[in-house]
Amino acid sequence: MASMAVSRSPKKRSAIQRFFSDQTKWTPYLFVAPFFITFAIFTLYPMLRAVVMGFQESLGYTGKWEWVGLANFVEALTNDPRMGTSLKNFVYFTVGSLATQLPCAFLIALLLTSRSLKAKSLWRTLFFIPSVLPGVTMGIIGGWFFSKTHGFANALIVAFGGPRVDWAGFAEYIIPRLLLIAFWQWMGNHAVFLIAGMSGIGDEIIEASIVDGATPWQRARYIVLPLLKPVFAYISITAAAGSLMNFEVPYVLLGTDGGARGKGWFFMTHIQQMAFGQFRMGYATAIGWLVFFIAVVITILQLRVYEFRLGKQEEAS
Amino acid sequence: MTTPNVTAPPPGRALPVQPKIGFFRLQAILSTALAAILALIFIWPFLCVVGSTFNKIDAVLNPLTPIPTQFSTQFYQLMFGEKYQLQKYVMNSVWVAVATTALSTLACALSGYALAKLRFPGRDLLFSLIIGVMLLPTATMLVPSFIVMRDLNLVDNYWGLILPGVGGNAFGIFLMRQFMLNIPTEMLEAARMDGANEFELFYKIVLPNAKAGIGVIATLSLRGTWNSLLWPQILITDVNKRLIMPAIANLNQQQVADVFALPVVRTAAIVAALVPLALYAYSQRYFISTLAGAIKG
């Protein structure tokens, strides 16, 4: 109805009136408004603040700021041992996670897609369940598992006649403990993604390989594995980005002082401690930007690795 | 151990070559047994930790078995009792999670629909803005977000948790837009022809057709808000306003000279996990397939 009125007397109305008389013109903006207004205030504006804050330092908790130029970045890169620890832990944790979880996830996925298996969805659910648990719960369970006096790990070791291990007391055990918890939490999740990827492989490819006389091993190695490359790429890119943001399990398991001999820092626990333990807001923001930079670099690197493996000869160039 | 041509005949039917049925059955038994054993090993420590929460405090424990040596619900009573009062934090979390999920899902549905199905100037700009900012990690945004909250006087205020949950859910917008793209445009056009206005269109056509997407996003949002530790830990400093995850983490770090603290924390961590587990059980039919579909695309 409204649009007919507009067409009758278009010249007498201003552009604004015409805009509001046609419902299809203004409703889209009304629909996107709830999200975009909160988005602008709580995501976009903090992002702009972050750009400035990297070059500032807060004077205590007062809300006053001091311009320090590049000093935050220089300090983070040259004069902060916790940054080195965080980077090392990130690399060990990420590489360790992928190296332990992916092969097992692939084998589990093969087992759970085998045609003769009964009650497939039950096994799939059981392996997947740990990945929906809260990080805090995983941290607490991890703490119980590696408890010196009444933990699962030591009980198992003692049952086989070994000595009790003081898991929390030594820096060398930090990464292995985290890796075991991460394995338990994420392996099934990866397996489910691989299973989804396998179900996308056409039956005719598999059947053709059967006709050609491929053994199950050859089929898994030379047909299924290469076709799952995009899924592996997705898993390893998101897992690397996720372990860069690793917070809950280290925080719950290792506490606020960085674990044994301060060797358990991760970027997120470091940032949290700097900002809200020592109130160095500007410095913590600068570390945040460095973490963003690392995230971009490792993502681009992985995209390259996974693309170039598709064509071997390109890799040489 | 299969021979390559074993898969051709379906199981259970009379076959010319008899041993192959037996072989198929044997294979089924073997693979199912293997899957069952692996799954049991995988889930065993979890059963043990659940079992340990049903012990008495002075019971002699064996961490390797899920069966409690002296059955009692002592820790569960303590957890909701005078001293620890975890039900308070549970209620706080329920409030925040429900409010965040309701508002965020509505905002996502509205925006996702507009970005997918309506044409208006600036649409593509808005969408690329979301995707661009989506890439910024929590690490970079954490401290500035807190500063903005302090300037807005939203520290210790639940709106400081809820509103960023709405405006920060770029992934939800992205996913919802994908769902909305599947709604046939002809259906919308036909309803417009019949005289439906834009609001009726959204309410009567779009929402009923986007039920699966709304379910997935609401589930993800509920789970994310319930499970989150870092942001509520930073923003809420008032002990009485704490959410469940920060409350558990804090209790875990303050267990000084209290023999009950450790088992109660463990019990609370397990009770708190029931919420995401129930959500998963409720939504698992479409959960895995939806997410798997999202990554393939």
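Chain A holds 16 helices and two strands. Helices (H or I, at least four residues) and strands (E, at least two) are DSSP runs, numbered from the N terminus. This is a predicted model, in which local features need pLDDT of at least 70, side-chain atom pairs count only at pLDDT 80 or more, and totals for chains, interfaces and linings use all residues. Residues are numbered from 1 along each chain as its sequence is written, with chains lettered from A and ligands numbered from 1 in the order in which they are written.

**Exercise 1.** Compare the radius of gyration of chain A with the globule rule.

*Solution.* Start with the rule: 2.2 Å times the number of residues to the power 0.38, with the radius taken over C-alpha atoms. For 317 residues the rule gives 20 Å; chain A has 27 Å, well over that, so it is more spread out than a compact globule. Next, take the spans: the C-alpha trace covers about 90 × 65 × 45 Å along its principal axes. Then turn to the domains, whose bounds come from an automatic or database domain assignment. Chain A is assigned domain 1 (2–53) and domain 2 (82–316). Their C-alpha centres lie 44 Å apart.

**Exercise 2.** Describe the side of chain A that touches chain B.

*Solution.* Count residues in contact (C-beta atoms, placed from the backbone, within 7 Å). Chain A supplies 82 residues and chain B 75. Helix α3 (residues 23–53) of chain A gives the most to the chain A side, with 22 residues. Now sort that side by class: 58 nonpolar, 20 polar and four charged. Here Ala, Val, Leu, Ile, Met, Phe, Trp, Tyr, Cys and Pro count as nonpolar, Asp, Glu, Lys and Arg as charged, and the others, Gly among them, as polar.

**Exercise 3.** Find how helix α5 (residues 81–113) and helix α12 (residues 229–244) of chain A cross.

*Solution.* On α5(A) they include A:Phe90, A:Phe93 and A:Leu102; on α12(A), A:Phe232, A:Ile235 and A:Leu244 are among them. By class, this contact has nine nonpolar, four polar and no charged residues.

**Exercise 4.** Is helix α14 (residues 267–276) of chain A largely enclosed or open?

*Solution.* Apply the burial test: 20 or more other C-beta atoms, placed from the backbone, within 10 Å of a residue's own. Eight of the ten residues in α14 pass, so the helix is largely enclosed by the rest of the structure. Among them are A:Phe267, A:His270 and A:Met274.

Key. Two residues are in contact if their C-beta atoms, placed from the backbone, lie within 7 Å. A residue is buried if 20 or more other C-beta atoms lie within 10 Å of its own, exposed if 12 or fewer, and partly exposed in between; C-beta atoms are placed from the backbone. Axes are lines fitted to C-alpha atoms, for helices over the stretch in contact, and angles run from 0 to 180 degrees between N-to-C directions.
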